[in-house]
Amino acid sequence: MKLIYDRRIRNILLFSILAVCCGWVGRLVDLQVGRDANGSLGQLLWIVTPLLTMMLLRTFGGDGWQDIGIRFHFRKNVHLYLVSALFSPCCALLILLIGHDGLIDTTPLTPLFLSAFGMAILPSFIKNIFEELAWRGYLAPEVYALGWNKLLSHSYIGLIWAVWHFPYLFLFIDTTEHMVTFLPRLVLGVVLLSVVYGEIRLLTNSVWPAVLMHTMGNAFIDTLILKNFIEIRAGYSFLMMPSPDSIFSIVITGIVGFWLYRIRVKSRSS
């Protein structure tokens, strides 16, 4: 049993180190070839490395494939798939509703948003199969198997996941805020997202709700922000931006994460 625990710790640390470092290697590659933008070779390296690491550790590192969560388990978990699909759009729309009177300009939000959102779904879905098979398909079940408190497990996964994003934040974040204040808030937001993703992963024993949730989040929120369908009043992005780093997003995500945590705890004790 100790050998299994030690092997799992070793592989988790190896995955974490490679995940944290691969994006910076990708940035160096991009800078060398003179292309540091969306769709670059370095970004491909950043996205693919965690998945390849997962495959190697499962095949040759002794982890096996039994807990990857590849089955859908849809019939018993329709409500959780629904939560996964609606979480990010509802979170964003709630923030827009709260801030539309003076803090968020929704004038640019025309029907063109729906077509832009629809066009973003398929690329987001493909990208998030890669990402979620690594994070919720590998790191999450491996950390959960250590027997730690689940909130501590979610926090570790969320921390590594947040730091993995750092090298390519410029692709997704448009802010003039100093990183000293922005990054801690982003890490907190991603850790709380990890609770939401992780609790649904535990409740469904499937990676596909996470793929669905991530797909909807990227397609809806990234399109809303990066395509300039909304404008946040200067100085209020930290509060009202419908992305994981804003105060309102952090509060909403924390509430949903705690709700899911309580559902799982009650279901295990009943």
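This is a predicted model: local features need pLDDT of at least 70, side-chain atom pairs count only at pLDDT 80 or more; totals for chains, interfaces and linings use all residues.
Leaving aside residues up to four places away in sequence, I listed the contacts of Arg58 as Asp63, Gly64, Trp65, Asp67, Ile68, Gly137, Tyr138, Pro141 and Glu142.

Next I searched the whole structure for salt bridges, and the search gave 7. One of them joins the side chains of Glu132 and Arg136, at 2.7 Å from N to O, and I recorded both Glu132 and Arg136 as buried. Why might these two side chains be placed to meet? Glu132 and Arg136 are 4 residues apart in helix H4, so about one helical turn separates them. An α-helix has 3.6 residues a turn, so residues three or four places apart point the same way.

I also looked up the pair Arg185 and Glu177, which form a salt bridge with the closest N and O atoms 2.8 Å apart. Are the two partners buried or exposed? Arg185 has a relative accessible area of 11% and is therefore buried, whereas Glu177, at 22%, counts as partly exposed, because the cut-off for buried is under 20%.

I turned to the nonpolar side of the structure, where the largest nonpolar core has 70 residues, and those with the most contacts inside it are Phe15, Trp135, Leu139, Trp164 and Leu224. I checked which helices supply at least two residues each to this core, and noted H1 (2-33), H2 (41-60), H3 (78-99), H4 (112-144), H5 (150-165), H6 (179-204), H7 (208-226) and H9 (247-269). Taking Phe15 as an example, and again not counting residues up to four places away in sequence, I found that Phe15 touches Pro50, Thr53, Met54, Leu57, Ala134, Trp135, Tyr138 and Leu139.

I then followed helix H3, which has 22 residues and reaches 32 Å from its first C-alpha to its last, close to the 32 Å expected at 1.5 Å a residue. Where does H3 bend? I found a kink of about 45 degrees at Leu86, shortly before the proline Pro89. Among the buried residues of H3 I noted Tyr81, Phe87, Pro89, Cys91 and Ile95, and what covers the buried residues of this helix includes strand E1 (104-105), H6, H7, helix H8 (237-240) and H9.

Last, I looked at backbone angles, bearing in mind that most residues other than glycine have a negative phi. His73, in the loop between H2 and H3, has a positive phi near 50 degrees, and its relative accessible area of 34% makes it partly exposed. Asn228, in the loop between H7 and strand E2 (231-232), has a positive phi of about 60 degrees although it is not a glycine, and I recorded Asn228 as exposed, with a relative accessible area of 51%.

Note on methods. Residues are numbered from 1 along each chain as its sequence is written. Side-chain values use heavy atoms; hydrogens and water are left out. A nonpolar core is a set of buried Ala, Val, Leu, Ile, Met, Phe, Trp, Tyr and Cys residues joined through side-chain atoms within 4.5 Å. Buried means under 20% relative accessible area, exposed over 50%, partly exposed in between (1.4 Å probe, protein chains only). Contact means heavy atoms within 4.5 Å. A salt bridge is a side-chain nitrogen of Lys or Arg within 4 Å of a carboxyl oxygen of Asp or Glu. The expected span of a helix is 1.5 Å times one less than its number of residues. The bend at a residue is the angle between axes fitted to the seven residues ending there and the seven starting there.
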